[in-house]
Amino acid sequence: MTDIALIVLAAGKGTRMKSALPKVMHRIAGRTLLGHVLTAAAELKPAHTVVVVGPDMDTVGDEARWFVPNSVLAIQHERRGTAHAVSMAREALADFSGTILVLYADVPLIAAASLKALVAGIHAATPAAVLGFHAAKPHGYGRLIKAGSGVGAIREELDATVAEKSITLCNSGIIAARSDYLWKYLSLVKNTNAKQEFYLTDVIELIAKSGAGVGLVMGTEAEVAGVNDRIQLATIEAQLQLQYRSAAMLNGATLIAPDTVYFSADTQLGTDVVIEPNVFFGPDVRIGNNVQVFANSHIEGTTIGNGAKIGPFARLRPGAEIGEEAHIGNFVEVKKAVIGRGAKANHLTYIGDARVGAGSNIGAGTITCNYDGYEKHLTDIGANVFVGSNSALVAPVKIGDGANIAAGSVITSDVPPDSLAITRSELQVREGWALRYRKMKQARKAAAKKV
């Protein structure tokens, strides 16, 4: 494959989003719109990536570099059209010779296969190619004017004739072109259209008129759908979730109520995983084989080992590592903690900044007191430890292997292996007190009624 450079247009403010956040920083399936596009394009292994942003969009630059560390930002200070936006990247690609792929950062469903096909369409006789699609309702889209098997021009809706508006073959906006052709004809684009903007689409017509071929690669309307408001954001989220659910089931997971399960773009599932209704997976979740995730659980930033059981009503937060055959039960929260093989925390428990050794049992109502108001501290629980219900482990503290923590204890210092730790007050029993107390109260109540 020839050398490839990406120009990703991300300068739009997205005023219809009604948000202080740049449009391309909004998320679907736990990943930004920009992140989805850069992830798809990464399969082409581009040599250079230039992201065109507006002024004061530092967060967009940070996001781009998270996905593509060597990406370069180009700032478009004035919104003067797509051709003008692409020209902002010229300086960064001054020494590049190869194929330039122009993408839009608000088209998160774009398929890597379509991008590969588009780039593959660049040959000596066809120095440019366009990704097109057939639209059921073409109104609003630019129309592709055919020239043989390729493209002769692209006509925007406002500039199209009545006959051209009847065309259903539409422009996605995504193009590939040889760098020499792109820069040559980009400089010739004029703003003589209805919007008085510099259209990137005019480059295609100029190349075609030069006698060179412009290839046509077909995609689908769904994959090139853009996001301009939060309704469209939700619509595309729904489409992505359908894809992820189908892929999960085809790859060996059982989803009891698929429509109620929400995945992130990077969720990884093993085989024979069973997921009950109303489960939400945030980013960075990896699940092994034969795992059961019971209803109403929320999981993010977590690794779950083979055969583990999670939930119902479990919350696993970033940094949770759940070992093989471990059980994390109802109303249990785990954060930045390693749970060993076969360990159990089945009820009403918080485990944060901790290690729980293999085979240990954490009783209902146990709390690892990890925060002193200024810093987080580690609770280190050994293997085969029994922690009784309603215990508080005040970190930093270490519980040795095989130790037993009596129910209701507050543990503030290390507990040696195989020992019992108990901090209860001595039980006092006053026989007959309850009977005397009831009689006294009843007598007072009766006297009050006589007054």
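Helix H1 (residues 33-42) packs against helix H2 (residues 58-67) at an angle of about 30°, and their axes sit 10 Å apart. Angles under 35 degrees count as roughly parallel, so H1 and H2 are described that way. Keep in mind that this is a predicted model.

**The H1 and H2 pair**
- H1 passes H2 in a right-handed crossing.
- On the H1 side, the residues that meet H2 are Leu 34, Gly 35, Leu 38 and Thr 39.
- Their partners in H2 are Val 60, Glu 63, Ala 64 and Phe 67.
- Sorted by class, this contact has five nonpolar residues, two polar ones and one charged one.

- You'll find Asn 171 in strand S10, which covers residues 169-178.
- Asn 171 has 10% relative accessibility, and because buried means under 20%, Asn 171 counts as buried.
- Leaving aside residues up to four places away in sequence, Asn 171 touches Val 130, Leu 131, Phe 133, Gly 142, Leu 144, Ile 154 and Thr 201.
- Pro 138 is 33 residues from Asn 171 in sequence, and their C-alpha atoms are 9.8 Å apart in space.

**Cysteines**
- With sulfur atoms needing to be within 2.5 Å to pair up, the count of disulfides is zero.
- Cys 170 is buried, at 0% relative accessibility.
- Cys 369, on the other hand, is partly exposed, with a relative accessible area of 28%.

Notes
Residues are numbered from 1 along each chain as its sequence is written. This is a predicted model: local features need pLDDT of at least 70, side-chain atom pairs count only at pLDDT 80 or more; totals for chains, interfaces and linings use all residues. Side-chain values use heavy atoms; hydrogens and water are left out. Buried means under 20% relative accessible area, exposed over 50%, partly exposed in between (1.4 Å probe, protein chains only). Axes are lines fitted to C-alpha atoms, for helices over the stretch in contact, and angles run from 0 to 180 degrees between N-to-C directions. Helices (H or I, at least four residues) and strands (E, at least two) are DSSP runs, numbered from the N terminus. Angles under 35 degrees count as roughly parallel, over 145 as roughly antiparallel, 65 to 115 as roughly perpendicular and the rest as oblique. A crossing is left-handed if the near helix is turned anticlockwise from the far one by less than a right angle, and right-handed if clockwise. Contact means heavy atoms within 4.5 Å. Ala, Val, Leu, Ile, Met, Phe, Trp, Tyr, Cys and Pro count as nonpolar, Asp, Glu, Lys and Arg as charged, and the others, Gly among them, as polar.
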